[in-house]
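Hello,

My notes on its salt bridges follow below it.

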Amino acid sequence: AYACQRHLTMLPERQERAGFFLGDGVGLGKGRQLAGLIYEGWLNGRKRHLWISVSADLMVDSQRDLRDIGAKKIPVYNITKLPYGKLDTKKNKIKEGVIFSTYSALVSKSRQGTRLDQIAEWLGGAAAEGCMLFDESHKAKNLFADSEKGKPAKSTKMALCVKEIQEKCPLARVVYCSATGASSLQNM
């Protein structure tokens, strides 16, 4: 409920939707809560969502969580099993559902383009209003401003990609989810 309320807030500086941090401890049902946010969006007409986690094996867990809350009809697609290019073509036929990606897949690219651009385009770009869920969001740590304490800072490629996809989809309902996200103030 709190995440849905937070997502109603638009940030005035750049006209983007406010995000939400879910920091419950290990084993407290964060996956079910993420599934619930997708289901809430689905029931309200938002049919394209992104779920990013650390391992492709966790896609099975996301499908289980959706099933267990009564949303088993929402399809989940592993981005690494899909070709590069448009996802909603007659060939690929992915009109709605959840794209499941790992952080590594998000930064990947080929001659046909990047996964980040492919996913952002499918979500709807600047008009995307579905969920963008960063499970185990601590994986995208180390995003720095141009300099820190007079020294040049170098952000990780993963952190830059997470920032970029959010910039491409400023109206998406973003949730950062991690049991260890606040282990260091630097990572907040």
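The side chains of E167 and K163 form a salt bridge, with N and O 3.0 Å apart. This is a predicted model. Both residues sit in helix α6 (residues 157-168), 4 residues apart, so about one helical turn separates them. E167 is partly exposed, at 44% relative accessible area. K163 is partly exposed too, at 37%.

Next, a pair that links separate elements. E121 and K86 make a salt bridge, and their closest N and O atoms are 2.9 Å apart. E121 belongs to helix α5 (residues 115-123), while K86 lies in the loop between β5 (76-78) and β6 (97-102), so the bridge ties together parts that are 35 residues apart in sequence. E121 has a relative accessible area of 36%, which makes it partly exposed. K86 is partly exposed as well, with 45%.

Then there is R67 with D68. Their salt bridge has its closest N and O atoms 3.4 Å apart. The cut-off is 4 Å, so the pair counts. R67 comes out at 46% relative accessible area, partly exposed. D68 is at 40% and falls in the partly exposed class.

R67 and D68 also belong to a network of salt bridges.

For the whole model, the count comes to 14 salt bridges.

Best wishes

Key:
Residues are numbered from 1 along each chain as its sequence is written. This is a predicted model: local features need pLDDT of at least 70, side-chain atom pairs count only at pLDDT 80 or more; totals for chains, interfaces and linings use all residues. Side-chain values use heavy atoms; hydrogens and water are left out. Buried means under 20% relative accessible area, exposed over 50%, partly exposed in between (1.4 Å probe, protein chains only). Helices (H or I, at least four residues) and strands (E, at least two) are DSSP runs, numbered from the N terminus.
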